[in-house]
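Let's take a friendly walk through this model, starting with one stretch of the chain and widening the view from there. Have the sequence and the 3D view open as you read.

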Amino acid sequence: MKVSSFFERNKTEAEIPRDQSTPAGKQTAEKKEDNKEWKKAISEDVEDDVSSAVSDISASTEGDVRDQGESLDERSETFQRFEKTLRAKHTKACKAMSSGAYKKALTEFESILSDLLGRYGERHERIGAALHNVAIANLRAGSLDDAMDAIEEAIKIRSRALGRSHPRVADSLVELGIILLSMDENEDALKVFERALKLRREERDESFAQEDIDESNLKIAKVLNNIGCVNFEAGSFGDARRSFDDAIELQKTVFKSWINLVCGVDGNSPGILTMASTMCNKAYVEIEQDRFTEAIALLEESLKIQRSVLGTDNKLVQSTLDNLGYAYFMLAKPVKALNAYENIWSAMRGSKDCLEEKLDVVKKMVICHISLEQWSLAFPLLEAMEDMQRELDPEAVELQRIQKLMGEVNYQIFKLPSLSSATNRALGCAVCMGPDEEDICMDHWVIEKPDNTSKMSGHRVTHA
């Protein structure tokens, strides 16, 4: 739902009456797709704060907004009930986000926005926070246009209410950059991230306590990671590697000095898991450039963190193992590659994952076994592949290829009399081959490079 519709609706449908002393808000201008104010701000003057160019949502000053908030009787029972209702909705939305029910979460966040608009109007800083959350939920749900609409309004309101260089403005700029990258607007995303990076560094420069400096460094690392992601998606691997390196250096510095490192490992801090994602991102760069030894070192380190935080069955862990298996196989280390794929299969075999994914993992295990000439271990896996392929599509050419390879593997086993009877019984002796078919044909049996997409770092939703 477009943000402007909330603004219009809440002029007549406020659940809690707004303070009558609050000045009426100016109608939000229609968004112009080809003339974005934040884009002009960056292109005309990099040193000028982008938020100043997108802060025209109202003519009110920062003082007006503060006076508006101070005029509310926050000790009244009505206000306390209002806050309690908002917190209940926020909790429900966060639970929905955690479980992947993004549309349900969006409904709750939109309800919070509606309530806040009814009480505060269109200018208050809490409206900016609510819009920021709506944008995140829309992004996760895949509604990129609505996410863009909400985050642009969030930037405008936060800029006016909190100041041009406030950290929360930087929060929303980071989400804007993520949305732009998701829309394949790489150049614009890079500009926004660079602006957010400048604000993050200013925030760190104004910090004195080590805890605050560490927190700022982790925020800077997130933006550097995202800049690396933009360059990775654009194929600028050298620039991507440098950004990921800078991010990892900051992250390791923080976690080396933090007393709360143990809390991060057990999942209470998202920062250390973000570091693991940044390591994976850099590993993807190394894989793209056939630097497999470097990729393996990064993936192994990332895997330790991911397993400690997420467990062994998590999809992120399996993705890291898949890349690790590929890198090891490309270095002609099939034993270690097989170990990675067997770890994936151990978590996947009893799961409800789709058959295509299971078939792909078993195929990789078969290739590793054959490269090691472990015929008796490859054969039962080929039988499992045959069953899965019959269930998927018995007419597909892949089934014929599986059966052909079964025959070739059986021949290798047949040369060893102690193993021949079991496999021939399994095949009904129908595919016993002659000496002219001794070689294994692996033309259609290769381990493909994983289809990697770099992982961006955003922010958790916050209570509005």
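Begin with residues 170–203, where the chain is 91% helix and 0% strand, and where the end C-alpha atoms are 10 Å apart. Keep in mind that this is a predicted model. An unreviewed UniProt entry lists residues 170–203 as "repeat: TPR".

Within that stretch, have a look at Arg-200, which lies in helix 10 (residues 186–205). Is Arg-200 buried or exposed? Its relative accessibility is 0%, so Arg-200 counts as buried, the cut-off being under 20%. The side chain of Arg-200 also makes a polar contact, at 2.4 Å, with the side chain of Asp-171.

Now zoom out. The protein has 21 helices and 0 strands, and buried residues account for 50% of its 464 residues. Of the contacts between residues at least 6 apart in sequence, 68% join residues at least 24 apart.

Aromatic rings are worth a stop too, as the structure holds 4 aromatic pairs. One of them joins Phe-292 and Tyr-326, whose ring centres are 6.0 Å apart; their planes meet at 75°, so the pair is edge-to-face. Phe-292 belongs to helix 15 (residues 292–310) and Tyr-326 to helix 16 (residues 315–330), so this pair ties together parts that are 34 residues apart in sequence. Phe-292 is buried, with a relative accessible area of 8%, and Tyr-326 is buried with a value of 8%. Elsewhere, ring pairs link Phe-232, Phe-237 and Tyr-284 into a cluster.

Finally, look for charges over rings. The charged end of Arg-119 sits over the ring of Phe-82, 5.2 Å from its centre, while Lys-363 lies over the face of Trp-445, 5.6 Å from the ring centre.

Technical notes:
Residues numbered from 1 in each chain as written. Predicted model: local features only at pLDDT ≥ 70, side-chain atom pairs only at ≥ 80, totals over all residues. Heavy atoms only, no water. Helix = DSSP H or I, 4+ residues; strand = E, 2+ residues; numbered from the N terminus. Buried < 20%, exposed > 50% of the residue type's maximum accessible area, 1.4 Å probe, protein only. Polar contact = N/O pair within 3.5 Å; in protein donor to acceptor, adjacent residues only side chain to side chain. Contact = heavy atoms within 4.5 Å. UniProt positions renumbered as here; feature names shortened; annotations may be inferred. Phe/Tyr/Trp six-rings, centres within 6.5 Å; stacked < 30°, edge-to-face > 60°. Lys NZ or Arg CZ within 6 Å of the ring centre and 35° of its normal.
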